[in-house]
Amino acid sequence: MAPEDAVPTARKVRRPKSARAGGQMHGGPIAYIILGVFTIVSLFPLVWTAIAASRDNNRLAQNPPPFVFGSNLFHNLDVAWNDANLGKAFVNTTIVAGTSAATIVFLSTIAGFAFAKLRFRGRGALMLIVIGTMMVPPQLSIIPLYMMVAELEWTDQLQAVILPSLVSAFGVFFMRQYLIQALPDEIIEAARVDGASSWRVVWHVVFPAARPAMAVLGMLMFVQTWNDFLWPFLVLSQTGNPTVQVAVAGLGRGYTPDQSLIMAGALLGTLPLLLVFAIFGKQIVGGIMQGAVKG
């Protein structure tokens with residue numbers, strides 16, 4: 001056979017590792033620069049809060065403001081802790097945020113399962129009502145809610161903050177959207193065939209399948225309740241049963257508020273959230289990514 005009659009063979013193209021099946025993609029220098037800029041911008045408020053907490057009020061009033069740490073950090077933290085009664089505020093806020101987050105996750109998972117997988121009359125209309133409540137500004141309900149709390153004589157008591165935050169329309173919608181994709185109908189039907197009741201299906205099928213989303217929702221609700229300021233400020237006093245945000249607001253009293261003490265209190269109020277995310281951050285991010293893949 002002549003060489004020109006030979007069948008040409010396709011050349012084997014060597015693909016880079018990032019393009020192979022199962023290979024990881026690696027970002028270039030531009031990606032690292034962008035991520036670095038976003039990281040610096042995100043961390044700057046927290047770092048500057050710590051810098052301001054380490055200075056005195058006179059230095060913070062000067063221009064330009066300080067951008068290096070001073071020597072008063074631990075002194076200001078100690079003064080803020082004792083002056084604002086932050087020890088009691090931390091306990092109160094942990095009770096409020098933990099109770100609210102746990103209840104929201106529990107009720108939202110059950111309601112989300114009902115809207116996602118159960119068939120009943122008026123399901124679509126009820127879901128629209130739930131979504132519609134998310135469009136109502138929460139400030140509109142403050143006056144009637146305060147009148148109810150005053151009528152029940154719950155002012156300056158933690159139940160005045162806990163009870164209005166036990167349900168969340170966002171939580172119901174979030175869990176519904178997750179369970180639509182994450183929980184196949186065949187698993188529920190198999191549990192029904194085995195004689196499982198509705199509550200047994202919820203405990204042994206729904207909750208295990210929704211665990212990643214429940215972790216994400218619990219973290220979001222805990223942070224939201226921890227940072228809530230307006231409603232606790234209206235019904236709680238700074239000397240009675242304050243939450244962290246109410247106690248920190250008390251540091252700004254006086255004709256000339258000490259900005260360094262306010263920053264020290266804000267820094268103390270932020271540290272527990274950073275600690276929680278440092279411990280459970282991997283599980284939370286994993287739950288978000290798992291929900292995104294299943295969605």
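Is Asp-185 buried, partly exposed or exposed? At 35% relative accessibility, Asp-185 counts as partly exposed; buried means under 20% relative accessible area, exposed over 50%, and partly exposed in between, with a 1.4 Å probe and protein chains only.

## Basis of the model

This is a predicted model, in which local features need pLDDT of at least 70 and side-chain atom pairs count only at pLDDT 80 or more, while totals for chains, interfaces and linings use all residues. Residues are numbered from 1 along each chain as its sequence is written, and side-chain values use heavy atoms, with hydrogens and water left out.

## Overall architecture

The protein has 14 helices and zero strands. Helices (H or I, at least four residues) and strands (E, at least two) are DSSP runs, numbered from the N terminus. Of the 295 residues in the protein, 33% are buried.

Contact means heavy atoms within 4.5 Å. Among contacts with a separation of 6 or more, 70% are between residues 24 or more positions apart. The accessible surface comes to about 18,700 Å², and carbon and sulfur atoms hold 66% of that area. Accessible areas come from the Shrake-Rupley method with a 1.4 Å probe; for residues, only the protein chains shown count as cover.

## Nonpolar cores

A nonpolar core is a set of buried Ala, Val, Leu, Ile, Met, Phe, Trp, Tyr and Cys residues joined through side-chain atoms within 4.5 Å. The largest one has 43 residues, and those with the most contacts inside it are Leu-86, Phe-113, Leu-179, Leu-183, Val-201 and Trp-226. Helix α4 (residues 86–117) gives the largest share of this core, nine residues. Apart from neighbours within four places in sequence, Phe-113 is in contact with Leu-118, Leu-179, Leu-183, Ile-188, Val-201, Val-202 and Val-206.

A second, separate core has 11 residues, including Leu-158, Ala-160, Ile-162 and Trp-231. Leu-158 lies in the loop between α6 (142–151) and α7 (159–162), and it is buried at 16% relative accessibility. Beyond residues up to four places away in sequence, Leu-158 touches Asn-92, Val-96 and Asn-241. Leu-158 and Thr-93 are 65 residues apart in sequence, yet their C-alpha atoms are 9.1 Å apart in space.

Side chains of opposite charge can pair when their charged atoms come close. The structure holds one salt bridge, a term that requires a side-chain nitrogen of Lys or Arg within 4 Å of a carboxyl oxygen of Asp or Glu. It joins the side chains of Asp-185 and Lys-117, with an N to O distance of 3.0 Å. Asp-185 lies in helix α9 (residues 185–193) and Lys-117 in helix α4, so the pair ties together parts that are 68 residues apart in sequence.

While Asp-185 is partly exposed, Lys-117 counts as buried at 15% relative accessibility. A polar atom of the Lys-117 side chain also lies 2.7 Å from the backbone oxygen of Leu-183. Setting aside neighbours within four places in sequence, Lys-117 is in contact with Arg-123, Leu-179, Ile-180, Leu-183, Asp-185 and Ile-188.

## A nonpolar surface patch

Phe-106, Leu-107, Val-167, Trp-199 and Trp-203 make a nonpolar surface patch of about 540 Å². Patches are made of residues with over 30% relative accessible area and no salt bridge; like charges are joined within 9 Å, and nonpolar side chains (Val, Leu, Ile, Met, Phe, Trp, Tyr) within 5 Å.

Helices α4 and α10 (198–209) each supply at least two residues of this patch. Trp-203 has its place in helix α10 and is partly exposed, at 49% relative accessibility.

Thr-49 belongs to helix α1 (residues 29–53) and is buried, with a relative accessible area of 15%. Its side chain reaches the backbone oxygen of Pro-45 at 2.7 Å. Not counting residues up to four places away in sequence, Thr-49 touches Met-263, Ala-266 and Leu-267.

Asp-56 is found in the loop between α1 and α2 (57–60), where it counts as partly exposed at 36% relative accessibility. A polar atom of the Asp-56 side chain lies 2.8 Å from the backbone nitrogen of Arg-59. Asp-56 and Asn-76 are 20 residues apart in sequence and 8.5 Å apart in space, C-alpha to C-alpha.

How values were computed:
A polar contact is a pair of N or O atoms within 3.5 Å; within protein, one must be able to donate a hydrogen and the other to accept it, and residues adjacent in sequence count only if both atoms are side-chain atoms.
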